[in-house]
Amino acid sequence: MTKKKIRVLAAKPGLDGHDRGIKVISCALRDAGMEVIYTGLRQTPEQIVQAAIQEDVDVIAMSVLSGAHGYLFPRVMDLLEEAGVTDVLVIGGGIIPEEDIQHLKDVGIRAIFGPGTPTTDIVQFIEENTPR
Amino acid sequence: MYDAKKLKEIEESLAAWVKKTQAVLEKRPERKEHFETLSGIPVERVYTPSSESGYDYLQDLGLPGEYPYTRGVQPTMYRGRLWTMRQYAGFASAEESNRRYKYLLEQGQTGLSVAFDLPTQIGYDSDHPMAQGEVGKVGVAIDSLKDMETLFDGIPLDQVSTSMTINAPAAVLLAMYVQTAAKQGVGPDRLKGTIQNDILKEYAARGTYIFPPGPSMRIITDIFAFCSENIPMWNTISISGYHIREAGSTAVQEVAFTLANGIAYVEAALNAGLKVDDFAPRLSFFFNAHLDFFEEVAKFRAARRLWAGIMKERFQAKSARSLMLRFHTQTAGCTLTAQQPQNNVIRVTLQALSAVLGGTQSLHTNSMDEAFSLPSEEAVQTALRTQQLIAHESGVANTADPLGGSFYVERLTDELEERARAYIEKIDEMGGAVVAVEQGYIQKEIQESAYAYQKAVETTEQIVVGLNKFQEEGAPRPTNLLRVDKRVMESQLAKLERLRAERDNAAVTSTVARLRECATGTDNLIPAIMEAVASYATLGEICDALREVFGEYTAVATL
């Protein structure tokens with residue numbers, strides 16, 4: 001039996017237009033055998049959660065470089081909870097000061113990947129932590 | 001450049017040298033089998049007069065301040081006046097940013113560069129739902145003329161030049177600047193500065209678009225027309241390769257896509273009935289200074305020569321100023337590492353040096369802590385000092401185009417020009433830059449380069465010091481990171497509320513209605529925007545009126 005492919009929603013919440021990172025990571029995840037759905041820019045947390053449900057993804061990978069992660073990431077987690085989605089692995093990345101990371105983990109973001117992270121680390125993390 | 005006999009002698013001697021070197025190689029092979037620039041241009045062991053593509057000095061290089069401007073746009077270059085040291089800054093509130101500007105001016109900075117927050121850049125007021133979490137974060141929040149007055153309080157606008165990184169709503173922010181200056185008693189004819197106003201690269205690489213391409217191009221050409229009559233010293237656009245490069249393009253693509261965008265703006269203005277020599281002298285450019293030192297120097301020189309040729313031959317521009325590619329440079333933010341951040345000071349120094357040797361008109365040097373957050377005051381000071389050191393201590397500013405005539409740099413200049421020209425021809429065939437962006441071609445090209453670079457870093461084919469080699473566990477992280485106070489949002493909301501209570505709302509309704517009507521016709525939009533701004537209509541109200549008429553751009557998500 002072939003293993004089901006991991007489905008990832010790559011998302012850009014908020015107004016930030018920096019999409020180099022998310023696109024590069026999307027390519028790497030795809031090359032690693034995952035299915036990647038990229039939302040494009042300017043997604044509201046509501047849109048992201050809706051897309052995650054519709055696409056039935058295993059993973060949500062969000063990227064914010066504008067400093068709005070402190071609002072946007074927890075908001076996505078709240079909406080997931082409201083929608084009763086508990087089995088999705090949520091990870092984040094971007095320009096995120098170290099002192100913000102603990103709070104994001106506390107609300108359920110499983111990992112935060114900062115600048116310079118090899119894409120192989122992210123692939124490995126997803127493979128090891130995706131609920132199957 | 002050399003007579004045939006001399007050239008033959010050089011070639012013979014080179015052939016003998018290559019043979020001799022073969023013996024050395026057998027004993028001691030070179031570090032790599034193939035050397036190439038960051039953009040993939042092959043690099044040879046040595047360059048000699050015989051490596052040149054046979055350029056004609058006067059035709060291809062000329063003298064500084066003369067066509068084709070390969071050696072610089074002014075005859076005296078930095079012997080006359082140094083480049084403008086212009087640090088991009090802005091965060092939180094207008095009050096806070098005003099303090100930072102005054103600090104930077106006291107530190108010897110010679111021009112201002114305003115960073116706006118994302119809601120401002122996308123035409124939302126601070127109380128718009130999409131603005132949640134973004135107010136004051138990547139720049140200053142400006143909701144109305146009131147905020148702009150605060151931003152420049154105590155800064156005489158007839159004495160500074162101000163660059164504003166604003167694109168989709170550029171006309172609105174420019175109108176606010178003009179009105180602020182008027183309140184200081186400074187007329188528009190005395191204002192100096194730049195608005196970025198480059199929507200095409202927003203679609204392709206930076207993401208702060210609002211309207212679809214058609215109306216966006218109309219706003220841009222309306223600005224060209226308005227400024228050429230009313231704000232003659234204003235740079236009406238800064239056609240930007242910077243963000244294209246940051247998004248992952250090569251140096252060749254940076255030049256090609258930027259100039260292709262430039263061509264699209266010139267064509268749009270000509271189609272709108274403007275005369276080339278009326279608006280072209282106020283076009284300006286903005287490039288990235290990246291890692292590969294000589295390639296970067298060559299890139300700036302190649303861009304100048306290429307643009308001069310395009311303006312002269314394709315558009316029959318006659319005025320010398322129409323032919324000159326004047327540009328701002330920023331060092332490459334994407335090359336800054338969070339690992340061993342102090343190394344960033346050295347990266348920035350090398351990149352800044354390449355911009356100066358490439359003849360930039362103004363320069364922003366990044367701060368060492370920018371892989372973490374907006375820069376702290378301390379880090380910005382070191383970045384500014386880097387420029388001052390290059391300007392006043394290194395001696396590189398004492399002659400024009402010091403690397404001109406280097407066999408390697410000239411050859412690279414030719415290569416970059418040729419490769420960029422080939423891209424531009426391809427884009428021409430597709431129907432120009434607007435079509436290329438709409439089809440996602442530019443985005444795709446950039447993305448492929450970005451991924452290739454990432455792979456090169458991960459295989460350590462490309463070494464990044466401190467990241468994939470010479471790592472150091474527990475290296476010190478920068479302290480004093482700048483944090484934007486959460487209260488900025490609240491105070492911005494309070495200011496908006498007060499504004500809406502205190503202003504003449506009937507006047508706002510009527511100026512905004514007039515603007516909406518103007519947008520449905522073909523008259524120049526800028527006077528109507530100017531009136532709306534003067535009546536203290538907010539940025540969001542003005543942009544919403546235009547959204548109603550023009551609609552909004554929805555990007556194709558390319559992957």
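Begin with chain B, whose domain assignment lists domain 1 (4–51) and domain 2 (64–78 + 159–458). The model on display is a predicted one. Colour the two domains of chain B separately; their C-alpha centres are 34 Å apart. Where they meet, nine residues of domain 1 of chain B contact 12 residues of domain 2 of chain B. On the domain 1 side of that contact, four residues are nonpolar, five are polar and none is charged.

**The whole of chain B**

The chain holds 22 helices and 12 strands. Along the principal axes, its C-alpha atoms fill a box of roughly 85 × 60 × 45 Å. The radius of gyration of chain B is 24 Å, which agrees with the value near 24 Å for a compact globule of 559 residues. Of the 559 residues in chain B, 52% are buried. Consider also the contacts in chain B between residues at least 6 apart in sequence: 78% of these join residues at least 24 apart.

**The contact with chain A**

Now bring chain A into view. Here 29 residues of chain A are in contact with 31 residues of chain B. On the chain A side, the elements giving two or more residues are α1 (20–31), β2 (35–38), α3 (69–82) and α5 (119–129) of chain A. Colouring the chain A side by class shows 13 nonpolar, 12 polar and four charged residues.

**The five-stranded sheet**

Return to chain B and select strands β4 to β8. They form an open sheet of five strands in the order β4-β5-β6-β7-β8 (chain B), paired in parallel. At the edges are β4 (88–89) and β8 (234–235) of chain B, each of which pairs on one side only.

Two bridges link β4(B) in parallel to β5 (residues 112–115) of chain B. B:Tyr88 has B:Ser113 as its bridge partner in β5(B), and B:Ala89 stands opposite B:Val114. Trace the chain between these two strands: from β4(B) the path passes through helix α3 (residues 94–106) of chain B to β5(B), a right-handed β-α-β crossover.

Show the side chains of β5(B) next. B:Leu112 and B:Val114 point one way, B:Ser113 and B:Ala115 point the other way, and all are buried. Then move on to β6 (residues 161–165) of chain B, which pairs with β5(B) in the parallel sense over four bridges. In β6(B), B:Met164 is the bridge partner of B:Val114.

For the last stop, select helix α22 (residues 539–550) of chain B and find B:Cys543 within it. Is B:Cys543 buried or exposed? B:Cys543 has 23 other C-beta atoms within 10 Å and is therefore buried.

Notes
Residues numbered from 1 in each chain as written. Chains lettered and ligands numbered in written order. Predicted model: local features only at pLDDT ≥ 70, side-chain atom pairs only at ≥ 80, totals over all residues. Domains from an automatic or database assignment. Contact = placed C-beta atoms within 7 Å. Nonpolar A, V, L, I, M, F, W, Y, C, P; charged D, E, K, R; others polar. Rg over C-alpha atoms; globule rule 2.2 N^0.38 Å. Buried ≥ 20, exposed ≤ 12 C-beta atoms within 10 Å, placed from the backbone. Pairing = 2+ DSSP bridges. Right-handed = clockwise from strand over helix to strand, strands pointing away.
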